[in-house]
Structure formats: structure tokens, C-alpha cells
Amino acid sequence: FRVFACPGSGKTFCIEHRYAYLVQQGVNSDNILVVTFSKSMADEMAGRIKSTVPNANLDQISTIHALCYRILTRWDSALPTYLWQVPKEWELKKILDELIDKYWKSGDEKPGYAEVLSYIDYAKSNCITPDESFEFFARQVGALYGKYLASIRTDFDCHLARLKQMTFSDMVYYMERALITKPEFRMKWQKRFTQVVIDESQDCSFN
């Protein structure tokens, strides 16, 4: 079910006591997943739930990015655990500036790294693989710039992998790709998370 309510109306209270009710009904806390929008909200939610349910599984009360990161790097041995560091903003800028200089051969003014990163993140949010990137980008900006962006995205992903890094967009992208391409992985986590509670769903891309 879905609850629509204005700020301050008691949504966190409802989630806290929904969690407690599920545990009282015999649901193991390991089977309950609570996802919210920001780390501060997740920390507040975890504290509220722990005060009501001392044996709550706090690792499973988190943001969507933290959940994906934990599954990808800690909880599932079938996935590549080398993707574990989040790059700093200056590191992303350095990598992308070098790739833009390498691939952007048009006489037009070159885009900034933030603009290129936004296109890459947009592709990943649509679960577009590197092999599918050219067609995706070409629909956005035309064939020439689409070719540049696709080449930059491929090298960018390879570079991050070599550095053992992944962005927040990567966390969701790799998770979604695993759910699509690995049936055993999908079934495992469907069985694990039998109860899913999503707070601030309008901001968590779960509409």
C-alpha cells in the first residue's frame, strides 16, 4: 500500500511502528528492508526503529545507494567485490577532462566534465550498457556527439574499474544489471527481502 502525507504528519512514526508490527507478527528483521532518500533520514529512521525494535537489522535501513553498495561489495560473493571506493569530485573531473580532450574532436566548444558526467549518469539511470551507449546518446545529441560520449563513457567505466571505484550512479546501475542478467541473484534477494518499506518514494526513483 502507499501513504500520501505532508511533511510532519507522522510518516516516520508509521514506518517505525509498521516495522514493529511486522516483527510482532513473526517476520524476521533480516527479511525487512527500509529504504529512504538521504543518509541523515536513514540514520534517523534506524534510530527510531531500533528504539522500538532493539533487534532490528540496521544495515537494511538505508538509502538506495547504500543498499546497492552493501549488496555489491559485502553481501553477495557472486558479484565483483573490487568495486568498492567512491571517487572524489576532483578525481571525476580529472578523468573526464582528459577523456574529453582525447575524444572531443569537433571544432565546437568542448563541454565541461559535469555536463558529460550528467549524460553518463542519465544513461546508467536507464540501465544502458556501454555497448548500447552510442544509440542512446545519439538520440539525445546526434550521431557525432553521441559517438564522442559513448567513447568517453566506455573509457570512463574502465578507468574507474582499474582504480577500484564506482560512482553513486554505478551502484544502482550495477545492481540493476545484476537483477536483469542473473536470475539466481534476483531470486536470492527477492526471497531475502519479503517486506519492503520505501520512504520518500518520489525522491528514490520508485514512482
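**Helix 6 and its neighbours**

Helix 6 and helix 7 cross in a right-handed way (that is, the near helix is turned clockwise from the far one by less than a right angle). The model is a predicted one, with local features needing pLDDT of at least 70 and side-chain atom pairs counted only at pLDDT 80 or more, while totals for chains, interfaces and linings use all residues. Residues are numbered from 1 along each chain as its sequence is written, and side-chain values use heavy atoms, with hydrogens and water left out.

The axes of helix 6 (residues 133-141) and helix 7 (residues 143-162) come within 7 Å and cross at roughly 140°. That angle makes helix 6 oblique to helix 7 (oblique is what remains once under 35 degrees is called roughly parallel, over 145 roughly antiparallel and 65 to 115 roughly perpendicular). On the helix 6 side, the contact (heavy atoms within 4.5 Å) involves Ser133, Phe134, Phe137, Ala138 and Val141. Their partners in helix 7 are Ala143, Tyr145, Gly146, Lys147, Leu149, Ala150 and Arg153. Sorted by type, the residues of this contact come out as eight nonpolar, two polar and two charged, with Gly counted as polar.

As for burial, Ser133, Phe136 and Phe137 are the buried residues of helix 6 (under 20% relative accessible area, with a 1.4 Å probe and protein chains only). They sit on the same side of helix 6 because they cover an arc of only 90° around the axis, taken from the directions from the helix axis to the C-beta atoms. These buried residues pack against helix 5 (113-125) and helix 7. Just after helix 6, Gly142 takes a positive phi of about 95°.

Definitions and conventions
Axes fitted to C-alpha atoms, helices over the stretch in contact; angles between N-to-C directions. Helix = DSSP H or I, 4+ residues; strand = E, 2+ residues; numbered from the N terminus. Buried < 20%, exposed > 50% of the residue type's maximum accessible area, 1.4 Å probe, protein only.
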